Amino acid sequence: MIRGNVIIAHEICKGCELCIAACPQESLGLSEKINLKGYRYAVLVQDNCTGCINCALVCPDAAITVYREKKHAKGAAADAITA
Amino acid sequence: MEIPPLTNGFELVYKKPRTLTETPMHYCPGCGHGVVHRVLMEVVDEMGIQDKTIGVAPVGCSVFAYDYMNVDMQEAAHGRASAAATGIKRVLPDRFVFSYQGDGDLAAIGTAETIHVVNRGENILMLFINNAVYGMTGGQMAPTTLLGMKTTTSPFGRESGLAGHPLKITNLLAQLPGAYYVTRQAVHTAAAVRKLKKAIQLGFQYQSLKKGTCFIEVVSNCPSGWKMTPTDSNKWLEENMLPMYPLGDLKTPARSMN
């Protein structure tokens, strides 16, 4: 499985939960803490993100940056484990 | 559980477009305006036309659009964004000019300007955000409000005998010979956002052909005006708005050749 990661600008997030509804992996949820505006912000709650960018596409506040594992990096990591 | 960011061995696949400013948007949580702003600026970024793009901001929720888009912007009087865009395009014909309006602005107070700009076939891109209520003033009935839909000025639902029928202005404009590309898109799912981006790309590309007006309607949600959570409003949009305002191209260049 391709692994991904998202970084959410939690001070911009308004907790609208659209990214949570859009995530096919159910990786996202709302935080327990609140931000300066008083909203519970979106956070990763499961380590199964695939970097599909659906959350970033529906985010109205452009708060989400998405990373995806490099293809060659995955092979390198596997080599490191076997070595 | 908060997972710390892992950037080692990871590559960036999506980030906020450079042309969108750092100013936090004032829109309500879950509002479709933010998505349209971002997609519009992504296209400007990818085409590399930041210094050649001029936008015209409307009156309505998106009145501060010029604060969020880092391109040359002009604020227009209520309903007159397309008229202002006409002037800009005629003086500076090599620029990419777009107008950005809501349904109260484009389909109510600005109906005359809208119809005549498209009828003249001005070479501009018009974006029309349709959320079926007047968002900024507190959720009053708009020309595009669905029949039976409750708003603050139609508390028992819109009745056709009293308030007329929903105005499908995009279908109306597709009949005009000046229109070159007319389409209706939405922002309620990631797939819809991808399609909207392609439509906006076409809208900008067709401008350099000087063949007529490109008009893109975006069916959007209004969680505050509809008094729903953002997720519920997107479901409501799919069930109620889309049967009335079906998505897809209403006029494409191939068909307009006939």
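Predicted model: local features only at pLDDT ≥ 70, side-chain atom pairs only at ≥ 80, totals over all residues.

Modeller: Residues are numbered from 1 along each chain as its sequence is written, while chains are lettered from A and ligands numbered from 1 in the order in which they are written.

Biologist: What pLDDT does chain B average?

Modeller: pLDDT is the predictor's confidence in each residue, from 0 to 100. In chain B, 96% of the residues score at least 70. The model as a whole has an ipTM of 0.87 and a pTM of 0.91. The chain B average is 93.

Biologist: In what order do the elements of chain A run?

Modeller: Helices (H or I, at least four residues) and strands (E, at least two) are DSSP runs, numbered from the N terminus. Chain A has 3 helices and 4 strands. From the N terminus on, the order is β-α-β-β-α-β-α.

Biologist: How much of chain A is buried?

Modeller: A residue is buried if 20 or more other C-beta atoms lie within 10 Å of its own, exposed if 12 or fewer, and partly exposed in between; C-beta atoms are placed from the backbone. Chain A has 83 residues. The buried share is 42%.

Biologist: Which element gives the largest share of the side of chain A that touches chain B?

Modeller: Two residues are in contact if their C-beta atoms, placed from the backbone, lie within 7 Å. The contact takes 31 residues from chain A and 31 residues from chain B. Several elements of chain A each supply at least two residues, among them strand 1 (4-8), strand 4 (64-69) and helix 3 (71-82). The largest share, 5 residues, comes from strand 4 of chain A.

Biologist: What is the strand order in the open sheet?

Modeller: Within chain A, 5 bridges join strand 1 to strand 4. Ile7(A), for one, has Thr65(A) as its bridge partner. The sheet has 3 strands with antiparallel pairing, in the order 1(A)-4(A)-1(B).

Biologist: Which are its edge strands?

Modeller: An edge strand pairs on one side only. The edges are strand 1 of chain A and strand 1 of chain B.

Biologist: How far apart are the axes of helix 3 and helix 5 of chain B?

Modeller: Axes are lines fitted to C-alpha atoms, for helices over the stretch in contact, and angles run from 0 to 180 degrees between N-to-C directions. Ser82(B), Ala83(B) and Thr86(B) of helix 3 meet Glu113(B), Thr114(B) and Val117(B) of helix 5. The two helices pack at an angle of about 40°. Their axes are 8 Å apart.

Biologist: Which residues does Leu127(B) touch, not counting residues up to four places away in sequence?

Modeller: A nonpolar core is a set of buried Ala, Val, Leu, Ile, Met, Phe, Trp, Tyr and Cys residues joined through C-beta atoms within 7 Å. In the largest one, of 95 residues, Leu127(B) is among those that touch the most other members. Leu127(B) touches Val36(B), Phe98(B), Ser99(B), Tyr100(B), Ile216(B) and Val218(B).

Conventions
Pairing = 2+ DSSP bridges.
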